[in-house]
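The structure comes first, then my notes.

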Amino acid sequence: KQEVTQIPAALSVPEGENLVLNCSFTDSAIYNLQWFRQDPGKGLTSLLLIQSSQREQTSGRLNASLDKSSGRSTLYIAASQPGDSATYLCAVGRNSKLTFGKGITLSVRP
Amino acid sequence: GAVVSQHPSWVICKSGTSVKIECRSLDFQATTMFWYRQFPKQSLMLMATSNEGSKATYEQGVEKDKFLINHASLTLSTLTVTSAHPEDSSFYICSARPGSHTGELFFGEGSRLTVL
């Protein structure tokens, strides 16, 4: 059974800092990995999708990497801003289904 | 990105009543939609896969007679929580993807259900 772990559960950083959010998964037989952002009481916004054959994807200040063999992914956020404060979830996909981690709640202090 | 819409965004009901939540793909057709449930500070748990024109596939431990899913068209899936109880109070989120099964998954805004 696939398990997805995101540690730490919460993170607080000052504005402007570059930061890395980690995600690990137990079964490397995945089709893809997707990072999402969730604001309190809201649905999920897709940030980046990495196919299993890819190593990384970039969108603006965000960069996500994937190392299937070690079961790890990282989400890099450059020059963090208060508006980046949210919960970030990673999810691994197989057989059209996603398995989610519990998320990392990020707070960026002005 | 593609847009998935859910309605209602929040609902309060009495124990024993039924509640219907709608999920629509606004700018693409979805033969498959997914229903998730999220408890506070927990990850999303897949409840069922909704298949257009056929029966939904439920995950282990999810009661199909309690959580009725109907996917009558390529843009609409509904989840009906029947005979709701307070323990059914949760955040329900649907998702869908345009294109292949390895493509990007898009989520609705979620529906907060509170059962009194």
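I looked up the buried area (accessible area, 1.4 Å probe, lost on putting two parts together, summed over both): chain A and chain B bury about 1,700 Å² between them, with 54% of it on carbon and sulfur atoms. I note that this is a predicted model, in which local features need pLDDT of at least 70 and side-chain atom pairs count only at pLDDT 80 or more, while totals for chains, interfaces and linings use all residues. Residues are numbered from 1 along each chain as its sequence is written, chains are lettered from A in the order in which they are written, and side-chain values use heavy atoms, with hydrogens and water left out.

I then listed the contact (heavy atoms within 4.5 Å), to which chain A gives 19 residues and chain B gives 22 residues.

I searched the interface for salt bridges (a side-chain nitrogen of Lys or Arg within 4 Å of a carboxyl oxygen of Asp or Glu) and found one. It pairs A:Lys97 with B:Glu59, whose closest N and O atoms are 2.8 Å apart.

I turned to the pockets (on a 1 Å grid over the protein atoms alone, open sets of points where a 1.4 Å probe fits, with protein on both sides within 12 Å along at least five of seven lines; lining residues have an atom within 4 Å of a point). The largest pocket is lined by 28 residues, and A:Lys1, A:Gln2, A:Leu98, A:Thr99 and B:Met45 lie nearest its centre. Its lining has 11 nonpolar, nine polar and eight charged residues.

Methods
Ala, Val, Leu, Ile, Met, Phe, Trp, Tyr, Cys and Pro count as nonpolar, Asp, Glu, Lys and Arg as charged, and the others, Gly among them, as polar.
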